Amino acid sequence: MSQTPPPPEINTPFSTERLSGKEDDLPYAPFAKSQPTIARSANEHQMSGQPEHPTLLIPGPIEFDDEVLQSMSHFSQSHVGAPFVATFGESLTMLRTLLQTSDPASQPFVVSGSGTLGWDFVAANLTERGDDVLVLHTGYFADSFADCFETYGVNATQLKAPIGDRPQPHEIEKALGDKKYKLITVTHVDTSTGVLSDIQALSELVHKVSPETLVVVDGVCSVGCEDIQFDNWGIDVVLTASQKAIGSPAGLCVMVCSKRAIEVFKARKTPPSSYFASFKNWLPIMQNYEAKKPSYFATPSPQLIHALHTALTQILARPLSERFAVHKKASQSVKSTITSYGLQQLATKPENQASGMTAVYLPESVKATELLPNLLQKGVIFAGGLHKDIASKYIRFGHMGVSVTDPSRNDIQKALEVLKDGLGDVGYSIR
């Protein structure tokens, strides 16, 4: 009798559990599309234009403002027509403001895809087969970025820190001194651990010790809720996605590249190792869109661009310093309350704690598989653990975007109260 081969490995800590063989399949049976019953208090804030739903407080996607969602219903447009080109161009210009770059030689990109596509852009355009790169590791997403480099034949060296911490300056300086690296990557906020990295200090160190090394920032969980001064800090690439603190639906890879990064691309000895993720194809498109000139390589999503345009307009309607301060204040409130519950963060040092999310160890007696469904029934969605070494031992609380910046919402306070009640329901007594 032939044996079923083992399932192929996939780059996620839960890959084996997600795959099944034919013998595991069940016959299809239609089911009623019903939503779980959500407990709601009498004075709970009701979102004006959205159906009743549990409050989504994971580290992305996040809750969206009504105007952003309404933008998604924009009538169909030509992707090379003047009205849409103007919207796209304005969105690119607003990204410059959000990431604080006024250098006309830098270039924003917005391409259909997830934030992960940004890794491919970096690997395919800024490195060549056989190059060495240094990946600073603060959680799951450094492993994945390194894996992306290896896919392109690039040698990725990871500098790892203990869970909840980040590589220290002297370790980074030594690593940069031991070998010449084409670029260094850092996850500004690792979504798996909530660890925040100091981008300004890191960039200063790299420019001092290894000035030819490009500084690449994975800002998927930081852009929009953490200060990023692209020009002042000497950053070469920031990549992010639309669905986290920017507050727009998922589906857009967002990136800004410096003049230096673009010059490194133009000096390549070999063609880009990707077709879709090629600066050769996308750079002229983005330059033309920003200049309000129609251009075409691959069809963008007009509806997603309209939503992004609305979200960026809302963000920039107030000083960025105020936005970052509001996120910081909300984060401190969350972390203080969680500490009062007797719980501990993965990131124990204040300087390592992100403003847009908190990763929290569960008491030994509490299982995430029991707590998270309880919280859902109470109207709040938190995320389970993602770091493969401790995935079952902690949960993640996202507090970014409209849930923090809209004073008419009580998402964060409600979530903290629900968490307290939920812990009690599963047997953890908070004194």
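Helices (H or I, at least four residues) and strands (E, at least two) are DSSP runs, numbered from the N terminus. What you see is a predicted model, in which local features need pLDDT of at least 70 and side-chain atom pairs count only at pLDDT 80 or more, while totals for chains, interfaces and linings use all residues. Residues are numbered from 1 along each chain as its sequence is written, and side-chain values use heavy atoms, with hydrogens and water left out.

Let me begin with the sheet. Strand β8 (residues 214–218) and strand β9 (residues 237–241) run parallel and are joined by three bridges. They belong to an open sheet of seven strands, with mixed pairing, whose order is β2-β10-β9-β8-β5-β3-β4. At its edges are β2 (107–112) and β4 (155–160), each of which pairs on one side only. On average, and with direction ignored, neighbouring strands of this sheet are turned by 20° against each other; axes here are lines fitted to C-alpha atoms, for helices over the stretch in contact, and angles run from 0 to 180 degrees between N-to-C directions.

Which helix lies across β2 and β10? That is α9 (residues 279–290), which runs at about 110° to β2, where contact means heavy atoms within 4.5 Å.

The structure holds 16 aromatic pairs, counted when rings of Phe, Tyr and Trp (its six-membered ring) have centres within 6.5 Å, with planes under 30 degrees apart called stacked, over 60 edge-to-face and the rest tilted. One of the pairs is Phe-84 with Tyr-289, edge-to-face at 6.4 Å centre to centre and 85° between the planes. It links distant parts of the chain, since Phe-84 sits in helix α3 (residues 82–98) and Tyr-289 in helix α9, 205 residues apart. Both Phe-84 and Tyr-289 are buried, meaning under 20% relative accessible area, with exposed over 50% and partly exposed in between (1.4 Å probe, protein chains only).

Elsewhere, ring pairs link Trp-119, Tyr-140, Phe-141, Phe-145 and Phe-149 into a cluster. Helix α4 (residues 116–126) is mostly covered, with nine of its eleven residues buried, among them Trp-119, Phe-121 and Asn-125.

Now to helix α12 (residues 368–377), whose buried residues are Ala-368, Leu-371, Asn-374 and Leu-375. Why do they lie on the same side of α12? They cover an arc of only 135° around the axis, the arc being that of the directions from the helix axis to the C-beta atoms. These buried residues of α12 pack against β12 (380–381), β14 (394–398) and α14 (411–425). After α12 comes Gly-379, with a positive phi near 100°.

Finally, the overall figures: the protein has 14 helices and 14 strands, and buried residues make up 55% of its 431 residues.

Terms used
Two strands pair if DSSP finds at least two bridges between them.
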